[in-house]
Amino acid sequence: MVPQTSIQAQESSSKQQPAESKREPLSLIRPHVDILLYMHPAAIEDVHELDLIQELERNLVNTWGDSLDWRFEFLKEVLWPQVPEMRIPLNAPGRPETMGATMIDLQVGYASGRWEISSRRWLALTNEWTTGVNRTVRSGELLPMHLALAIVEAYAAVVQIETVDVDTVDGLLMAGEYNVNDASLPLLKTGDYLEVLLLYYDRDGQLVTRQKLSWTYLQVRQRDRGRVICEIHSAFRNPISRTRRRVEVMAYRVSPQIEETSLHLSRRGSYVRDFQLGRVYLTNWHVTAAAEEDGAEKPVRLQVADRNGDLTLNTAVLTEELGSPFLKLEVMSEDVVVARVPYLLGTQRELTLTVPDDSARVAASIRFEQLKTELLRVTAKRATLIAALKQLIDDPREIDPEQFFSQIEELPSREQFLTQSNLIRVSNETELLELGNRVAANQVRKMAEASEALINRFLDEEPLTELKLALNYGDPPTVQPTPEDPQPAAKPRKGVVIPQFNK
């Protein structure tokens with residue numbers, strides 16, 4: 001039931017603001033929040049217990065109002081209990097009130113005149129416990145305020161996504177519309193980031209499984225009371241499907257709270273292995289293409305993984321250096337970007353990024369470069385001989401041009417280079433397609449096309465044909481075998497070498 005004072009306040013507000021009365025009221029969804037405060041007996045000696053509880057509850061009322069159905073409990077215990085593995089079974093009915101339920105545990109210790117505050121949170125939506133930031137308070141008068149701040153930061157505002165557009169989503173914030181002022185304003189504000197979670201239900205409406213959308217974030221662009229419009233930031237083109245059946249899309253707020261993140265790079269091929277010495281470029285995700293075109297220098301940080309594929313992301317250092325905790329991670333393989341993903345610093349202690357294995361593309365690139373080097377050597381030798389033949393046209397001398405034509409014929413021909421290029425392309429492209437890496441396979445195909453274009457350009461036979469006509473040089477006549485004579489065996493040309501390269 002809605003309090004009568006809240007209804008009267010809403011009616012009086014609607015008389016003062018006629019435009020507000022045209023809005024359709026949103027459904028009243030008040031998630032349950034249980035707050036448990038564990039205080040060491042030594043931490044209560046220098047503070048008044050009743051004043052602490054009253055001041056803490058007053059701060060929560062001023063912050064949340066009636067938007068949440070929260071319950072506070074004070075426990076005089078030394079340590080909080082061990083974290084249970086599961087609170088809600090998968091076959092429990094997935095009502096919005098159930099999915100938004102939250103438990104926040106606070107533990108206060110006292111040592112050397114300082115209060116140490118630790119926090120953890122359990123969210124029914126994810127069915128996981130997360131650890132908050134530790135706080136140190138030196139004044140007993142400020143202890144209630146810091147406790148309230150730890151509770152507010154630990155609460156994850158849950159949003160139920162209703163409609164999905166190309167790059168935006170429209171959702172409903174799980175909070176009631178009570179009192180004249182919007183009491184849910186501190187729960188979610190413009191610029192906050194949310195992670196996406198998919199809930200799958202069976203025909204009976206029971207929750208079957210949960211699935212997090214990796215490398216996908218929602219950023220609050222606009223909020224009108226409980227209605228929230230968010231912008232999609234993802235490494236994928238269409239991360240959230242528009243047509244869903246027995247699938248509910250939910251999102252919850254995340255914020256940077258962890259000092260360092262351990263990032264592990266790995267390659268996914270025939271088997272997953274560590275990406276040793278992998279290079280990662282870190283930039284601000286919100287840097288626009290227009291700023292890049294203007295030539296403005298954007299801050300970039302390069303980090304290299306160790307031989308185990310691990311590297312560390314420091315939240316404070318990178319946020320100050322790059323101007324935002326929301327970063328773009330670009331994993332490089334030579335000069336090619338094999339992964340480009342967003343990441344909000346300080347949201348996970350350990351993170352694994354698996355990139356496609358493009359070792360075959362790298363091997364093809366090396367072999368094509370070797371082929372181009374051999375092509376350059378043959379082209380230079382061939383150009384020297386052609387220049388000598390052109391001098392015979394301008395200054396005829398008693399020199400037989402056959403020796404020059406013979407040397408040209410002994411060089412690797414265009415067909416031999418084209419055959420070798422085709423072998424490189426087929427072997428490496430087939431391997432990449434078997435791994436499902438179509439992007440790298442297309443890159444190999446483009447390298448082969450560029451190589452074949454160079455071969456056709458520098459080993460063109462037309463200049464030789466023109467020189468033969470100008471010098472009245474013809475190929476030696478071939479002796480046709482008589483029907484009685486057997487067919488002579490073809491002899492290979494002397495000095496012809498087909499270039500072969502190892503992988």
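Tutor: Relative accessible area sorts residues into buried (under 20%), exposed (over 50%) and partly exposed in between, with a 1.4 Å probe and protein chains only. The model is predicted, so local features need pLDDT of at least 70 and side-chain atom pairs pLDDT 80 or more, while totals for chains, interfaces and linings use all residues. Residues are numbered from 1 along each chain as its sequence is written, and side-chain values use heavy atoms, leaving out hydrogens and water.

Student: Why is Glu 334 called partly exposed?

Tutor: Glu 334 has 37% relative accessibility. That value lies between 20% and 50%, so Glu 334 counts as partly exposed.

Student: What makes the contact of Glu 334 and Arg 361 a salt bridge?

Tutor: The rule asks for a side-chain nitrogen of Lys or Arg within 4 Å of a carboxyl oxygen of Asp or Glu. The side chains of Glu 334 and Arg 361 meet at 4.0 Å, N to O, so the pair meets the rule. The pair links distant parts of the chain, 27 residues apart: Glu 334 is in the loop between strand E18 (326-333) and strand E19 (336-344), and Arg 361 is in helix H8 (residues 359-394). Helices (H or I, at least four residues) and strands (E, at least two) are DSSP runs, numbered from the N terminus.

Student: Is Arg 361 buried or exposed, and how do you know?

Tutor: Arg 361 has 4% relative accessibility, which is under 20%, so Arg 361 counts as buried. Arg 361 also forms a salt bridge with Asp 358, at 3.0 Å from N to O. Asp 358 has a relative accessible area of 1%, so Asp 358 is buried.

Student: Which residues are linked in a network of salt bridges?

Tutor: The network holds Arg 267, Arg 273, Glu 334, Asp 357, Asp 358 and Arg 361. In the model as a whole, the rule gives 22 salt bridges.

Student: How do you know on which side of H9 the buried residues lie?

Tutor: Phe 404, Phe 405 and Ile 408 are buried in H9. They cover an arc of only 95° around the axis, so they lie on the same side of H9. The arc is that of the directions from the helix axis to the C-beta atoms. Residues three or four places apart in an α-helix point the same way because there are 3.6 residues a turn.

Student: Why is Glu 410 called partly exposed?

Tutor: Glu 410, in helix H9 (residues 402-410), has 37% relative accessibility, so Glu 410 falls in the partly exposed range.

Student: Which non-glycine residues have a positive phi?

Tutor: Trp 215 is one of them, with a positive phi of about 55°. Trp 215 is in strand E10 (residues 207-224) and has a relative accessible area of 13%, so Trp 215 is buried. Arg 246 also has a positive phi of about 55°. Arg 246 lies in the loop between strand E11 (227-234) and strand E12 (247-254). With a relative accessible area of 39%, Arg 246 counts as partly exposed because that value is between the cut-offs.

Student: How far apart are Tyr 200 and Arg 246?

Tutor: Tyr 200 and Arg 246 are 46 residues apart in sequence and 6.1 Å apart in space, C-alpha to C-alpha. Tyr 200 is in strand E9 (residues 193-201), and at 27% relative accessibility Tyr 200 counts as partly exposed.
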